[in-house]
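Hi,

Here is the structure I promised to pass on. Have a look at it first, and then read my notes below.

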Amino acid sequence: MNWLQKLPGFQRTPYGLEWRLLRLMPSVCLAGTLLPALMSLAARFLIVDGSAAELARRIQLFDFVMIGLVIFVWTLVVTITIGCVIVWLMKGPAYVADGFDVSHSDTPGR
């Protein structure tokens, strides 16, 4: 029994935007991680006014915002990657499904 019998006469759809987005995701993930990390590092040199406690609070708040931004970017990358993979799989070859006899197929609507 051939489990993966391809549908005869099916033409594959050419790859489009999903393939370009899929190739772009590692760069977006890397940039979305490094840029907030560099901004957080730069904040330690740029935030200089106030008392020591206030400086620590401002830097910590900025770090939390950057961590939230990184998690947001990672979530977007994972979501877009899953969507691209689904579209890529759906554009692949079509397969013949097994027939399933329905008990009321000879008299529908009763």
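How many disulfides does a search of the whole structure find? It finds 0. In case the term is new to you, a disulfide is a covalent bond between the sulfur atoms of two cysteines. Keep in mind that this is a predicted model. As for the cysteines, Cys-84 is buried, with a relative accessible area of 5%, while Cys-29 is partly exposed at 27%.

Now for the aromatic rings. Searching the whole structure turns up 2 aromatic pairs. One is Tyr-15 with Trp-19: the ring centres are 5.5 Å apart and the planes sit at 25°, so this pair is stacked. The cut-off behind that is planes under 30 degrees apart.

Trp-19 also pairs with Trp-88. Here the ring centres are 5.7 Å apart and the planes are at 35°, so the pair counts as tilted. Check where these two sit, too: Trp-19 belongs to helix α1 (residues 17-46) and Trp-88 to helix α2 (residues 52-90), so the pair ties together parts that are 69 residues apart in sequence.

Put together, Tyr-15, Trp-19 and Trp-88 make up one aromatic cluster. Are its members buried, partly exposed or exposed? Tyr-15 is partly exposed, with a relative accessible area of 42%. Trp-88 is partly exposed at 32%, and Trp-19 is partly exposed at 28%. For comparison, buried would mean under 20%.

Cheers

Notes: Residues numbered from 1 in each chain as written. Predicted model: local features only at pLDDT ≥ 70, side-chain atom pairs only at ≥ 80, totals over all residues. Heavy atoms only, no water. Phe/Tyr/Trp six-rings, centres within 6.5 Å; stacked < 30°, edge-to-face > 60°. Buried < 20%, exposed > 50% of the residue type's maximum accessible area, 1.4 Å probe, protein only. Helix = DSSP H or I, 4+ residues; strand = E, 2+ residues; numbered from the N terminus. Disulfide = S-S within 2.5 Å.
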